[in-house]
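Read it alongside the model shown here.

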Amino acid sequence: MLQPDFVFRGHQAAVNCVHFLANGRHLVSGDQDGLLIVWNMLLKRQLASMPAAHQAAILAVGSIDSTTIVTQGRDNRLNIWTLNAGEFTGALQLAKSLAIESLNFCKFASCAQWIVGLVEGESGCAFVYNVAQDTRHSFSIERKSATRMGDREDSPMCMHLHANGKLELFVGYESNTLQSFQLQISGDSMTASMLCSAKAPHTEPLMSLDVDRDACRIYTCAADRQVCSFAFDATGISEARPVAVLANPGGSQVRRFQAPPIVAVAGWDYAVHLFDSELQRIQDLRFHRAALTAVDVSTKSSEPLPDIADDLVQQRWRAQPQWLAVASRDTRISLWNIQRAAQA
């Protein structure tokens, strides 16, 4: 059975999220106690930490660039951090803190300089924040779901943001409905125009979605056993096809990676489930002793490290594989050579 190449053990509480910075040189993780850690991927050790990055659990972590980190906590704060990284040590400095609703566990989405989060989940009130311009606009992604008791608010459960000339937001709702919106900013006002909508075949609430915009596909996982793939275009979102079925129910996060071209699901059954882009099973990675919460894959860069003069260090950096980082509620983060895992 394939085993991880490295294991990080710096957390004392459940690790809720992991994220590689753009240069692949650093990994960021956040846990249930509000501890934020930045890991040096060359030395495989802690570079910097912030014990009280939030006053409650850290739900999500992302980045704008290789020095700007974004975290969301259960304390209803979205914090933006500046990382000052040296070769062996570093420091985190809080640059901005914004209000965000985290009560329904919907995590922020970011792309380029843009961040989208919820102001009030039940009403579908959301905001988009531009980090470079320090501007914030509110808009609505409200949706009502028909029930036997009448219409009720359909809470957003997960989001994905794409920015390429225009802002496109994909939202998964509690009713397992998928919708995409085009976000348009004009002066001080903003509108969200719905582009398309579809019902996902999940039997339990959506937990996560990811989008391959180049291939025009949406991937979803939920509290049930299904992993779904949807094609979409200007006319709408197609019926889910194909659908993969997990051996056990529950996926915390689904991610579609381009290189290598894999789909990874962090399972509640302690395993990472790897598929190809058509959801054909590659293999399951098992190591952890508790439910998995998040996965991410590092970039592979052939560029030399700009601040390192030592030739041996530069050789080690060039020899680095792409890493699959896996976070678990057992307090550990495992690192896997993703090329080896994807070919097994």
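Strand β18 (residues 177–186) and strand β19 (residues 189–199) pair in the antiparallel sense over 10 bridges. Helices (H or I, at least four residues) and strands (E, at least two) are DSSP runs, numbered from the N terminus. Two strands pair if DSSP finds at least two bridges between them. In β19, Ser197 is the bridge partner of Gln179. The two strands form a hairpin with 2 residues between them. Gly187, in the turn, has a positive phi of about 65°.

This is a predicted model: local features need pLDDT of at least 70, side-chain atom pairs count only at pLDDT 80 or more, and totals for chains, interfaces and linings use all residues. Residues are numbered from 1 along each chain as its sequence is written, and side-chain values use heavy atoms, with hydrogens and water left out.

## Thr235

Thr235 lies in the loop between β22 (226–233) and β23 (236–237).

Is Thr235 buried or exposed? At 75% relative accessibility, Thr235 counts as exposed. The classes are buried under 20% relative accessible area, exposed over 50% and partly exposed in between (1.4 Å probe, protein chains only). The Thr235 side chain makes a polar contact with the side chain of Asp233 (2.5 Å). A polar contact is a pair of N or O atoms within 3.5 Å; within protein, one must be able to donate a hydrogen and the other to accept it, and residues adjacent in sequence count only if both atoms are side-chain atoms.

## Strand β31

Strand β31 (residues 333–337) is largely enclosed by the rest of the structure, because 5 of its 5 residues are buried. In a regular strand the side chains alternate between the two faces of the sheet. Ile333, Leu335 and Asn337 point one way from β31, and Ser334 and Trp336 point the other way.

β31 runs antiparallel to strand β1 (residues 6–8), joined by 3 bridges. It also runs antiparallel to strand β30 (residues 323–328), joined by 5 bridges. Leu335 is the bridge partner of Phe6, and Ala325 stands opposite Leu335. The hairpin of β30 and β31 has 4 residues between the strands, and Thr331 there takes a positive phi near 80°.

## Helix α1

Which residues of helix α1 (residues 311–318) are buried? They are Val313, Gln314 and Trp317. They cover an arc of only 100° around the axis, so they sit on the same side of α1. The arc is that of the directions from the helix axis to the C-beta atoms. Asp311 and Leu312, on the other side of α1, are exposed.

## Cavity

A search of the whole structure finds 1 cavity of 30 Å³ or more. A cavity is a set of points, on a 1 Å grid over the protein atoms alone, where a 1.4 Å probe fits but cannot get out; lining residues have an atom within 4 Å of a point. The largest cavity has a volume of about 80 Å³, volume being the space filled by probe spheres set on the points. Its lining has 11 residues, of which Gly24, Thr299, Trp317, Gln320 and Pro321 lie nearest the centre.

Notes:
On a 1 Å grid over the protein atoms alone, a cavity is a set of points where a 1.4 Å probe fits but cannot get out, and a pocket is an open set with protein on both sides within 12 Å along at least five of seven lines; lining residues have an atom within 4 Å of a point.
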